[in-house]
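Please consider the structure shown below. The account that follows moves from its charged pairs to its sheet and then to one of its helices.

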Amino acid sequence: MAEAHQAVGFQFTVHPKGLDLKPSQEVITNIFQAGLTALKKRAIVFKVTLPMKFWRLARSRHKFPPSERRVGRRVPGQSLQLADCGHRRDEQLVHGPGPVARRDAGHPGKHAAKTRAVLSSVAFASALWLFLIYLLRYTLKALLSYHGWIFECHGKMSASTKVWLSLVKMFSGRRPLLYSFQASLPRLPVPTVEDTIRRYLESVRPVLSDERYKQMEMLANDFKESKAAQLQRYLILKSWLANNYVSDWWEEYIYLRGRGPLMVNSNFYIMDLLYVTPTHRQAARAGNVVHAMLQYRRKLERGELAPMRALGTVPMCSAQMERIFNTTRIPGLETDYVQHLSDRKHVVVYHKGRFFKVWLYTGGRHLLPSELETQFSRILNDTSEPQAGEVKLAALTAGNRVPWAQARMRYFSQGVNKASLDAVETAAFFLALDDEPQGYDAGNSNSLDAYAKSLLHGKCYDRWFDKSFTLISYPNGKMGINAEHSWADAPIVGHMWEYVVATDCFHLGYTEEGHCKGDVNKGLPQPARLQWLIPKECQNLIETSYLSAKKIADDVDFHGYLFSTFGKGLIKTCRTSPDAFIQLALQLAQFRDQGEFCLTYESSMTRMFREGRTETVRSCTSEAVAFVRAMEDRQVTNTQRLALFRAAANKHQNMYRLAMTGSGIDRHLFCLYIISKYKGVESPFLEQVLSEPWKLSTSQTPQQQLNLVDINKFPKYVGAGGGFGPVADDGYGVSYIIVGENLITFHISSKFSSPDTDSYRFGQHIDKAMMDIQTLFQATNDKKLTVELNGKKHM
């Protein structure tokens, strides 16, 4: 999704010192650093999970309550010998050791023999325990390396896949914790250069003229025959040493080294419930949501959440979830870095130009929802004035990274400014209490547009865009999230948000007056105002960043709308993938809107592999182009169009599956490009590939990851999904969420400055394309029915 913007034309610099062999040393050093990072992560995971395993083992072995486990007390059903052991120990302390013990004391060799026997037993048991653990781990890893199941027809599972699933379930355990599968997940495989280049040329054929395609083919073949083998060897070496050969470079070069603004270009947003607002009291809603987030964080840190699993069995990587809370992106002159801390006990709140620090704990426990409501109400009722330069301070995080890094070092490295900035950057997350209502209003066709723009960029100074996420609260009780992208992808934030909303609505609840449940604790300390001493020069920098960010925000042309004519339910009756259906509708809409085809970016996840993130599905295929042209050609029959649609849908599904199973195109070429830069190898082919613009960038927002709410029983409790800013200056960004059986929500972004794009117009094209494809199926089915009826008449 938003990473498509960063993936085009990115540049970085390697400074080799010396000649000849130095570039090789650079890449080898970088590869081994990735390996060391992987080892450190494994050590940390082992350190964290080992005590948890022993704790669970102890719980399973000691089934009696503590009062019944005291030595010397007889427990019903327990032998007298065991019950009397405490009495005998006490008797030895008073009267000294018994005759057997005194007899053994005269033979120290027996004690040594017993000690050796005990140590040998412990060593053998430990070795056996470790052997069994690693045997189970690597057996499960071997099973999870099989991905043939994903290529089988939906609903037609082979006997071998059924056996495989049974084995995976058997080795997975009954109640796995969040990180139980991390060590068993396979590494992301490195595709062959031949396969990647073949798929790449196939993907660009529909959008290139014959002459340009021949040129690209020549560049690709030259690269394959000259430089590819050498670069591929380094990449394979890295895949052996690192947990994932892509993810660390992807985070560093696509995100952290980007020097442009995060706002709009990188950050994304997630909306609240579409139809339901549990309470219209801003402080109460924020209190419940923040408390639910603290519950989620506690489960996350203890690993008590269930891991995500495809088919309910195949585990997904949970590594990204470690940094949801207590995480901030810190600006630097050449590159940023992600700062993740342990449990933080405060949150920073922004309201009407003021920053407040609110403690989340009291007496060793979380603040209750009613206590959080009290604290937020105090902030909302506070009438103090902002300090000089405080109102637009967060605009520094919305502008270019270098000025922000320079200002941070110069004006926020000491004194009260450093203390206050530390409070913001070390907070669990950032909370913005807005003063303008937002949300979906069925009577206002532009309500989703304004809501999305508020979440995406706000006023350009009322979100801390560097935080892992900013929680946004509106005065009408609506909520939303703006998330920084470098540390994780949208499904991770969506997982947390789904838990929070369900907990808020169905477990915490509100009083009849709309307040949080529970007693009001008036003895809590007041929220503390953060203090700033911002000189005039820094205020000028803040204003410059604000004006730069405002120019970007004002250029965002956004349109969100609900497609409720049909949804997943009807699409399934067409025996096709809902995602393929929508992607082909987007291709048809794109052609009608622009009169040409373009490279299309669809984000796919690779979390079936350890530390997997995303891969690109190139949705504009030759099959999709043939289908779109057939839809625009009146001489083509509906039967022919339907056949072309099915061929294009099958092609798209196969490409999506290849991307999910590590056989995608773009991440492999990206890593080869990184190595070529480290080695100082010039490759016109890779330069061309990495500079190609994605004029249409798309992403599907996952829903019902946790299945905490039965949307068939509670159809109003559905989310509106989320979205991101435009990727290309003359293109569209489209995010969509398939909500239940009868609703699809689209989030469309572009730029007002482009004369060729219009988000509302593109939305109308999507609507018509969806209807035209549905009509195609309807017309074909009606024709079949007519033929069947006529056949029966003649019988």
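Predicted model: local features only at pLDDT ≥ 70, side-chain atom pairs only at ≥ 80, totals over all residues.

Asp 272 belongs to the loop between β1 and α12 (282-302), whereas Arg 285 sits in helix α12, so the pair ties together parts that are 13 residues apart in sequence. Both partners are buried: Asp 272 has a relative accessible area of 1%, and Arg 285 one of 0%.

This pair belongs to a total of 38 salt bridges in the structure. Another joins Glu 371 to Arg 365, at 2.9 Å from N to O. Here Glu 371 is buried, at 3% relative accessibility, while Arg 365 is partly exposed, at 34%. A network of salt bridges links Arg 259, Arg 329, Asp 336, Arg 401, Asp 466 and Glu 484.

Eight strands make up an open sheet with mixed pairing, in the order β13-β7-β6-β10-β11-β12-β1-β18. Its edge strands, β13 (528-529) and β18 (722-724), each pair on one side only. Strands β1 (residues 268-271) and β12 (residues 479-483) run antiparallel and are joined by four bridges; Ile 270 stands opposite Ile 481 in β12. Helix α16 (residues 447-456) packs on the sheet, where it touches β1, β11 (469-473), β12 and β18, and its direction makes about 130° with that of β1.

Helix α20 (residues 578-594) spans 24 Å from its first C-alpha to its last, close to the 24 Å expected for its 17 residues. Of these 17 residues, 15 are buried, so α20 is largely enclosed by the rest of the structure. Just after α20, Gly 595 adopts a positive phi of about 75°.

Note on methods
Residues numbered from 1 in each chain as written. Heavy atoms only, no water. Pairing = 2+ DSSP bridges. Helix = DSSP H or I, 4+ residues; strand = E, 2+ residues; numbered from the N terminus. Contact = heavy atoms within 4.5 Å. Axes fitted to C-alpha atoms, helices over the stretch in contact; angles between N-to-C directions. Expected span 1.5 Å × (residues − 1). Buried < 20%, exposed > 50% of the residue type's maximum accessible area, 1.4 Å probe, protein only. Salt bridge = Lys/Arg side-chain N within 4 Å of Asp/Glu carboxyl O.
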